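Have a look at the structure first, then read on.

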Amino acid sequence: MRKHLKTSLNQRMIMISLTVFMPMLFVMIYLLVSLSNATDAYSEITHNIVYANQYTQDFKGRIDYSMYMAVINQKSVDELGDGEMLVNGYVTVNPYKYIDEMERACDRMSEWATVATSRNRIRRVKNTLRSLEKCVETLEAGKHGDWMYQEQMEYFDGNIKNLTTLIREGIQDYIYIETTNYENVREALDVKMRQSFMVCGMVSVFAIFVAGYMTIQATRSVTVPIRELCDMTEKVAEGDFSVRTRKADMDEIGVLSQSFNEMTEEIGTLVEDIKQQQVNLHLTETKLLQAQINPHFLYNTLDTIVWLAEEHKTNEVVNMVTALSSFFRTTLSKGRDFITVEEEESHIRSYLEIQQFRYQDILDYRIEINEELRGYVLPKLTLQPLVENALYHGIKNKRGKGMIWITGEKDGEAMIFKVRDNGKGMTAERLAQLRSNIQKEKPDNNVNSFGVINVNQRIRHYYGKEYGLTYASRPDKGTEVTVRMRAENIQPFV
């Protein structure tokens, strides 16, 4: 028994596989060779029949009508107009050339013939072709000699037409003989198939018997330790990371058991670390989102407030401070990840009101979000980065006054928001670069799109890959970004 254990489990599995696959490979090769031989035989017969059939269709008609035209028009065969289409659909030919061509075709048919009888038929056809050629010469000589028209027609009907009929019948006999050979091929294939089934059956029974015996032997040597390992795995799945398995006798099972023990211990440690990391990750994501707010925005807003206070514009100061307070109240939102659509609308409205104090000569905006969306929730800071991009990369680079439109509506089970501007727009190359960039975890250094990447990744994380951002833009016409999210009317997370 100890010697038996020296054979590793991996070696046993390889032996079992070879026991099954090698006989099956032999059977497969045997069947493929048999099928290939039968296919080749069918292909040869079909090729011969098709090749012969094209001459059966055309030869008699072309020769007969060409010679007929030569007689009634009292022309030599060289004057017929080789290749001229007649009203009955036949094409005139030079009989001598066409007979030579037919002889070459007969040589090929004889070479390709699958049975000796077919070659005999072709040999007779060639003899008839030689007789036909002599008859054509005789008719040509008589036509240019003292033969009357009636004598020419009688010779044409009694010799040339009869010979062309014999040639056609000879080729048809060739086709018939080749066709009947299909039955011989089919019978041979049936015999091969019966032999193949017998071989396959015997090889399969042998392979199944040997593979079954070897599988049972290998299974018995690993069933007990594997079953114990499964029991321990179930306990680990229930959260008990203190379980340990016994070390088995076989090398593979022993390594597996030892690795399981080490893995269980490591998982227990990692689970605790992951719990803490999830908390830290949540805090980090929140900080990254808030970090997207340009600190210069706060500085510039405070500078504007100071300037307004110095000018004693009390109402404007109150409006600016109120808008700034509302903006940061939504930004912080008591640490929540999700806020309502109404809160997000208030957030971007506060942002645009503040920016309009600074860019009143170039900025106008319109917010049209459907009333039915206000109770739904969405990830915080979804629309504000898109509005900021529209202002800084679209409106500020445009001559004259610009407009930003923010719209929102419900489409089935989804919420569709659009942020559109009539600013500078983007070239096709930059648009393609941006579309590619928002799919990456890290933006390219030469593309300022971290904010929209963050927005797109959060939407896809929360809702799935079918949701997110899509961009459309035209140079000097503006840019439109569409935000698609699942409509979820739930309480915001706290």
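Is L381 buried or exposed? Keep in mind that this is a predicted model. L381 turns out to be buried, with a relative accessible area of 3%. You'll find L381 in the loop between β3 (377–379) and α10.

There's something else to notice about L381: its phi is near 60°, a positive value in a residue other than glycine. Most residues other than glycine have a negative phi. D476 also has a positive phi, near 65°, and is not a glycine either. D476 sits in the loop between β6 (468–474) and β7 (478–486). What about its cover? D476 is exposed, with a relative accessible area of 55%.

| Residue | Relative accessible area | Class |
|---|---|---|
| L381 | 3% | buried |
| E133 | 22% | partly exposed |
| D476 | 55% | exposed |

So much for loops; now a helix. E133 lies in helix α4 (residues 116–144). Which residues does E133 touch, leaving aside its neighbours within four places in sequence? The answer is Y96, I99 and D100. Take I99: it is 34 residues from E133 in sequence, but their C-alpha atoms are 7.1 Å apart in space.

Next, a pair of helices. Two packed helices are described by the angle between their axes and the distance between the axes. Helix α9 (residues 341–358) and helix α10 (residues 384–395) pack at an angle of about 25°, with their axes 10 Å apart. Angles under 35 degrees count as roughly parallel, so α9 and α10 are roughly parallel to each other. The crossing of α9 past α10 is right-handed.

Who makes the contact? On the α9 side you have E344, H347, I348, Y351, L352, Q355 and R358, and on the α10 side Q384, V387, E388, L391 and Y392. Sorted by class, that contact has six nonpolar, three polar and three charged residues.

Finally, let's zoom out. The protein chain has twelve helices and seven strands. Of its 494 residues, 39% count as buried. The accessible surface of the chain comes to about 28,700 Å², and 54% of that belongs to carbon and sulfur atoms. Among contacts between residues at least 6 apart in sequence, 71% join residues at least 24 apart.

Technical notes. Residues are numbered from 1 along each chain as its sequence is written. This is a predicted model: local features need pLDDT of at least 70, side-chain atom pairs count only at pLDDT 80 or more; totals for chains, interfaces and linings use all residues. Side-chain values use heavy atoms; hydrogens and water are left out. Axes are lines fitted to C-alpha atoms, for helices over the stretch in contact, and angles run from 0 to 180 degrees between N-to-C directions. Helices (H or I, at least four residues) and strands (E, at least two) are DSSP runs, numbered from the N terminus. Angles under 35 degrees count as roughly parallel, over 145 as roughly antiparallel, 65 to 115 as roughly perpendicular and the rest as oblique. A crossing is left-handed if the near helix is turned anticlockwise from the far one by less than a right angle, and right-handed if clockwise. Contact means heavy atoms within 4.5 Å. Ala, Val, Leu, Ile, Met, Phe, Trp, Tyr, Cys and Pro count as nonpolar, Asp, Glu, Lys and Arg as charged, and the others, Gly among them, as polar. Buried means under 20% relative accessible area, exposed over 50%, partly exposed in between (1.4 Å probe, protein chains only). Accessible areas come from the Shrake-Rupley method with a 1.4 Å probe; for residues, only the protein chains shown count as cover.
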